[in-house]
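Keep the 3D view open as you read.

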Amino acid sequence: MSRSRLENIREVIRQRNVDALFIQGANNVRYFSGFTGSNGYLLITTTTAVLITDQRYTEQAKQEATGWTILIHGLDPFTTIMMAIKPLGITRIAYESKETTDYQITELRQEIPFVEWVPCVDVCIQLRAVKDADEATWIQKALQMAEAALGDLCEVIRPGVSEREIAVELEMMMRKRGSEGPAFDTIVASGPNSAHPHAKPTERAIQHGDLIVIDFGATYKGYRSDVTRTIIVGELESEQQQLFDCVHLALEQAVAGIKPGANCHELDKLARDVFIQADLEAYSLRGLGHGVGLDIHEYPRVVMNNQTMIEPGMLFTVEPGLYVPDIGGVRIEDMVLVTEEGCQVLTRTPRVMRL
């Protein structure tokens with residue numbers, strides 16, 4: 001795994017005046033060590049890097065976490081964690097309080113009473129916000145799989161087919177294209193169901209005049225993609241068309257404003273202003289998009305009142321939406337990669353899709 005990732009962690013250790021950082025959570029462990037097993041703990045100091053896992057992963061850990069000290073724990077991981085800490089002369093350890101449960105930190109404090117455990121929040125996920133070239137390539141590969149599947153799916157969607165059938169078919173098509181699995185629970189929401197932003201697919205059959213919100217993604221080498229298209233079936237009522245046109249314009253306005261130095265609140269406002277001008281903002285959500293990587297929701301959070309600055313290498317979604325009861329919902333979502341000059345729109349599927 002990239003040496004710069006370890007160096008980034010070590011800089012955090014120095015800045016926070018601690019001796020080590022204790023990391024868990026499968027995707028954090030994977031990101032910093034390369035280890036892809038389901039059980040792992042990392043102990044990182046300014047000079048050492050230790051991976052602790054169980055005997056199921058003895059050989060896998062050696063193969064994937066090259067350059068790391070590998071320790072295998074028995075039924076009780078805390079004893080092995082203590083054995084890793086003791087010889088290092090550590091007295092202050094930072095840990096991700098969102099990843100470590102109250103039970104775990106209580107056990108660690110009891111097992112290792114001479115160590116001060118210092119809570120910190122979102123250190124790892126912040127370091128993961130800027131993607132390297134490999135990560136961007138893998139996410140784009142996952143996106144290509146998803147978009148190719150959507151192209152195939154358009155041959156299947158027709159009046160009479162249910163939302164659930166569409167979702168199952170789409171996930172199967174992504175698998176056939178090489179996806180390791182859906183990036184998240186696939187959303188297919190038609191007609192009145194489209195007004196629910198995170199609706200689950202039902203047995204409702206597609207009808208003429210429907211808006212169909214399809215939100216989905218594929219996975220490649222653990223990295224995820226995320227794309228939404230609202231498919232128009234036949235002719236829309238004027239209110240439905242207004243929603244679609246408004247969301248389409250909001251997406252265009254937001255993407256045009258993405259560049260290093262802009263902040264997340266400003267990008268959200270570009271889309272939100274379109275909704276305000278159309279007197280539809282009350283039917284929108286509180287955020288515009290989110291980072292994507294090993295997790296489907298990462299940093300940056302492109303939401304209201306977030307002053308985080310956009311940096312080259314950040315990769316996130318832009319997904320304005322409007323959801324009006326009794327009329328329907330529209331969401332159109334692209335993935336973008338921030339460049340030195342602006343951004344590269346990674347999603348290639350047409351934003352307007354009509355059956």
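In this predicted model, begin with helix 9, which spans residues 238–256, and helix 10, which spans residues 264–277. Two packed helices are described by the angle between their axes and the distance between the axes. Here the angle is about 150 degrees, and the axes lie 8 Å apart. Angles over 145 degrees count as roughly antiparallel, and helix 9 and helix 10 are therefore roughly antiparallel to each other. The crossing of helix 9 past helix 10 is right-handed.

Which residues of the two helices make the contact? From helix 9 come Cys 246, Val 247, Leu 249, Ala 250, Gln 253 and Ala 254, while helix 10 brings Leu 267, Leu 270, Ala 271, Val 274 and Phe 275. Sorted by class, this contact has 10 nonpolar residues, 1 polar residue and no charged ones.

Now let's look for empty space. Rolling a probe the size of a water molecule over the atoms shows where empty space is left. The structure holds 1 cavity of 30 Å³ or more, and the space in the largest cavity is about 70 Å³. Helix 10 turns up again here: it gives the most to the lining of this cavity, with 4 residues. Among the lining residues are Ala 271 and Phe 275, together with Asp 268, Arg 272, Glu 319 and Pro 320. Besides helix 10, strand 12 (287–291) also gives two or more residues to the lining. In total, the lining has 5 nonpolar, 3 polar and 3 charged residues.

The largest pocket holds about 500 Å³ of space. It is lined by 25 residues, and those nearest its centre are Ile 187, His 198, Asp 215, His 297 and Glu 319. The lining divides into 10 nonpolar, 7 polar and 8 charged residues.

Our last stop is the second largest pocket, with a volume of about 170 Å³. Of its 13 lining residues, Asn 28, Glu 99, Asp 122, Ile 125 and Arg 128 are the closest to its centre. Helix 2 (26–33) and helix 6 (123–127) each give two or more residues to this lining, and helix 2 gives the most, with 3. By class, the lining residues are 3 nonpolar, 4 polar and 6 charged.

How values were computed:
Residues numbered from 1 in each chain as written. Predicted model: local features only at pLDDT ≥ 70, side-chain atom pairs only at ≥ 80, totals over all residues. Heavy atoms only, no water. Axes fitted to C-alpha atoms, helices over the stretch in contact; angles between N-to-C directions. Parallel < 35°, antiparallel > 145°, perpendicular 65-115°, else oblique. Left-handed = near helix turned anticlockwise from the far one by under 90°. Contact = heavy atoms within 4.5 Å. Nonpolar A, V, L, I, M, F, W, Y, C, P; charged D, E, K, R; others polar. 1 Å grid on protein atoms, 1.4 Å probe; cavity = no way out; pocket = protein on both sides within 12 Å on 5 of 7 lines; lining within 4 Å. Points joined across faces, edges and corners; volume = space filled by probe spheres on them.
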